[in-house]
Amino acid sequence: MTVELDRVIDDARAKRSGYKSFGDTLPEDKSELHTLQNFLSTILSWFICCGRRRSDDESRGPEGGRGDESSRRSLGTLEGVFAPVALSMFSTLLYLRTGFVVGQAGILESVLQLVLAYFILVMTVLSISAISTNGALEGGGAYYMISRALGPEFGGSIGFLFFVANVLAVGLYVTGFVEAMIENFGPGGTMVKHAFLKGDHDFWYKYLYCSIVLFVCLGICIVGGAVFAKTSLLIFLVVVVCLLSVFISVFAKNSTTEIEYAQQAKHTFERRNISLECFQANASGFVLQDGANYTGLRAKTFKDNTFSEYQKDYITKDLMTFATVFAILFSSVTGILNGANMSGELKEPSKAIPKGTLYAVMFTFISYLLLIILVGGSSDRCLLLNNYIFLQEINLWKPFVLIGIFAATLSAALGNLIGASRILQALANDHLFWFVLNPATITTKSGNPYVAVLISWFLVQLVLLVGSLNAIAPATSVFFLMSYASVNLACLALELASAPNFRPTFKYFTWYTCTLGLIGCIVMCFLISSLYSSIAIIVMLILAIILHFRSLPTQWGSISQALIFHQVRKYLLMLDSRKAHVKYWRPQILLLVANPRQCSELITFINDIKKGGLYVIGHVKLGSLDSYTTDPILEENPKWLGLIDYLKVKAFVEVTMANTVSEGLQHLLRLSGMGGMKPNTVCFGFVDDSKPKDTLSFMNNERRRRFFTRLESGKKVSIDNLFMNVRGDGDSGQLSPLEYVKLISDSLKMQKNVCLCRHFDQLSKQSIVNSKKTLFIDVWPVNLFRPDTANFFDNTCLFMLQLACILTMVPGWKSKTRLRVFLCLNAQTDNTLQKQQKLDAFLHQLRIEASVKIVTWDHLVSHLPVMSGNSSDKLTLMEKFHAVPTEFISSINQLITSYSSTTALSFMYLPVPPTDVRESETYLNSLRLLSDNLPPTVFVHGLHPVTSTTL
């Protein structure tokens, strides 16, 4: 005993962090409270011989001292899992509600309900066993398993539901304890002649008794939580002895005995069982019959109790049904996670949890089955319905049952109060709910979370206001069923994800056992109470959504990622590019970015026009792998992923290394995407001599502080130092005009649509959203370098219209902008009205809402020389670049500028670069002159049909 006592003191000095389970002990200080705690712990330890004796060699570390871990993990299967689980599963049903269940549901339905409840429990135990044997299980129990399997979003929300379930269970067990006290020591009590407790009909006295009992539980949790955890085996033995006394008494007392109804059931104004004639009264209301018979084991009694006969409960006055009786039965056997909650104190949790839990489930099922049969075959139904503690009257020694009731209910209440506080502490330590739960992290020097215990105690006080065991039971059952459903869901997800590292040593489970358990839990939830079930699901989903927007730490690992990978791979294999149809075309864009500091607005703009398509941000790092000891791209990827998170765009990142940008672009175009998801459009920024602006830093300064702050290892994501600064006035650009034009040519060779984006440092979507006037998205569907082709529409024109139309569907753009299409005509030779009507009809056919703006350019075009090519070749020549005088380009630029005072964005025709590389600089200068002083402008060239007029 000295060794054991030393170990208890050692446990008290072991300071822990993170999740604590039942074994929290005493703070080490010199105060009077410390002396009192040590005294109480010592007395309890000697009185019940708590814990397991271990030799000095077993309890000492390598240097002769005791290790914290070995002293903390001291419980085996029997006392650490089997006893706590069995005790919690006996709780209120064993002595207080077995007669109620049999009296209401009959023997057949009682057995059916028991089998149904235990079927759900066994399926859940198989899931618990599988998860707990898949690697090292730390302290944290069921919450730890669920959160680390399903991820922080669902783990946090389900952990909250599990905490609520434990709080409700404490209220249930404390209420059961007090009901037994009143039945025994109140008016008409079975143990005393003169009552010293007020009757059950006096609500506030009952609430006072419940509060006193709960306060005792609070004191034990704060002072002797570890000692209680190690006394569970002794308490379990006491409950089993009392249960054996009931079995023996049923066989020993085989004669008919009349037993009085409970005092509350005898009130004449509360006659409920008229159809069964359980009460007989004269005209004045005087009760002539106030009891029913215990018959001993009789075939007639068994037959009379075989089928159900649902009546009103004499405590709640409510009519019972199959669902309400099942709720009361199930709420009393919801202790299968108590063993998992002890994971922090178990020597070998991966072995003890499956074995101990399954043995406890088997033992309690057999016990309940025998008790239902014996009670149903020996007691009149009226007795079962009107005296819930009749087992005391038939026992050979009445105090046996009373001791059993007190031991079962009080130990279950203590276990769930400690469990609730540890779950709350775990939620607080994981920092899932901001600062709200921070007080729950406060502990004593030994790690006992006394603030979490106090919070749990206060919430149970509120639950006790419900006032009745039968009224608390449905909510308790629903919340526990939701918790069990989440365990089955976690195991099912792990199994379906087919992750190679999911290799539990427990093999007696499959995906369909998880599915059956999950379906069973959900169905019974709604059968018990659709209201409570709906509330539980809504609360869980709201918390999951909030935690999702919190962007919580990712180091846990989330099963959602494994499932997404599994499903995405499957659907990518099904996505066949050969079956693509123009009706379902969408832009799949590769945006080539040199430095994101100078194009953050462009990145967000491309995110707007992708229309649910693939979006890849590509970057080429110049160099050769031979110059590095390790791949430098591995260091680059996290920076770009951080940029995507910061800008909140739905994009992928592809970074490659090449000797030239052109070579790197070819890598990206060939290898970006997968299967049927490959880029069909390439976007570039514009190369000119203007000084770039650091739009990323500007956006960072302007962005308001968000309530939902992203966390990554407890720190905010910062992008200030991730990328190099923009170039200065004297610095040259990364690309020469020749190289830049080559990128355009290469993209077109590889059959990709091309977009060149200029002036996007001027774009501010927030300004567009806040604008008081309507702005326009302008489309100029004409090759301005070939005015003679203005009467034709090719794929590029349609592509421009498609992109502009997509932009008007995007929130922000949709409400503040209108689409405007410019029709350039020669007033002297063209039929203006006819062509406008024709374009309007064409836009209507494409289902594009736009206004047509007529622009006459006779005064500009008339000075141009006649261009080569006859009318039959004009459609082919339309996409070609034709060098025109700079004066003409400047005049066109001024014309466009005159219409752009209310323009938010312009789409313009991009001709194919000249084949002669010597003209590359002329080509680029012409584009620059054409777009000078304009709003944000996109030069577009399309190769393939992108619109459809068919169904």
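Tutor: Strands first: two strands pair if DSSP finds at least two bridges between them. Helices (H or I, at least four residues) and strands (E, at least two) are DSSP runs, numbered from the N terminus. The model is predicted, so local features need pLDDT of at least 70, side-chain atom pairs count only at pLDDT 80 or more, and totals for chains, interfaces and linings use all residues. Residues are numbered from 1 along each chain as its sequence is written, and side-chain values use heavy atoms, with hydrogens and water left out.

Student: Ok. What stands opposite L775 in β11?
Tutor: T817 does. Strands β10 and β11 run parallel and are joined by 5 bridges.

Student: And which way does β10 pair with β13, parallel or antiparallel?
Tutor: Parallel, over 5 bridges. One of the residues involved is W780, whose bridge partner in β13 is M908.

Student: Is β10 (residues 775–780) enclosed or open?
Tutor: Largely enclosed by the rest of the structure, because 5 of its 6 residues are buried. Buried means under 20% relative accessible area, exposed over 50%, and partly exposed in between (1.4 Å probe, protein chains only).

Student: Which residue lies over the face of F776?
Tutor: R820, at 4.2 Å from the ring centre. A charge sits over a ring if NZ of Lys or CZ of Arg is within 6 Å of the ring centre and within 35 degrees of the ring normal. K570 is placed in this way too, with its charged end over the ring of Y571, 5.3 Å from the centre.

Student: Switching to ring pairs. How many aromatic pairs are there in the whole structure?
Tutor: A search finds 31. Rings of Phe, Tyr and Trp (its six-membered ring) pair if their centres lie within 6.5 Å; planes under 30 degrees apart count as stacked, over 60 as edge-to-face and the rest as tilted.

Student: Why is the pair F480 and Y484 tilted?
Tutor: Because the planes are at 40 degrees, with the ring centres 6.1 Å apart. Both residues belong to helix α18 (residues 469–497), 4 residues apart, about one turn of the helix. F480 is buried at 2% relative accessibility, and Y484 is buried at 0%.

Student: What about F822 and Y899?
Tutor: That pair is edge-to-face, since the planes are at 65 degrees; the centres are 5.5 Å apart. It links distant parts of the chain, 77 residues apart: F822 is in strand β11 (residues 817–825), Y899 in the loop between α33 (886–898) and β13 (903–909). F822 is buried, at 1% relative accessible area, whereas Y899 is partly exposed at 25%.

Student: Now helix α22 (residues 600–609): why is it largely enclosed?
Tutor: Because 10 of its 10 residues are buried. Among them are E601, F605 and D608. Just after α22, K611 takes a positive phi of about 50 degrees.

Student: Last topic, the surface. Which residues make the nonpolar patch?
Tutor: L234, L237, V238, L244, I248, L396, W397 and I403, with about 720 Å² between them. Like charges are joined within 9 Å, nonpolar side chains (Val, Leu, Ile, Met, Phe, Trp, Tyr) within 5 Å. Areas come from the Shrake-Rupley method with a 1.4 Å probe; for residues, only the protein chains shown count as cover.

Student: Which helix gives the most to it?
Tutor: Helix α9 (residues 203–252), with 5 residues. I403 is in helix α16 (residues 398–429) and is partly exposed at 38%.

Key. Patch = residues over 30% accessible without salt bridge, like charges linked within 9 Å, V, L, I, M, F, W, Y side chains within 5 Å. Salt bridge = Lys/Arg side-chain N within 4 Å of Asp/Glu carboxyl O.
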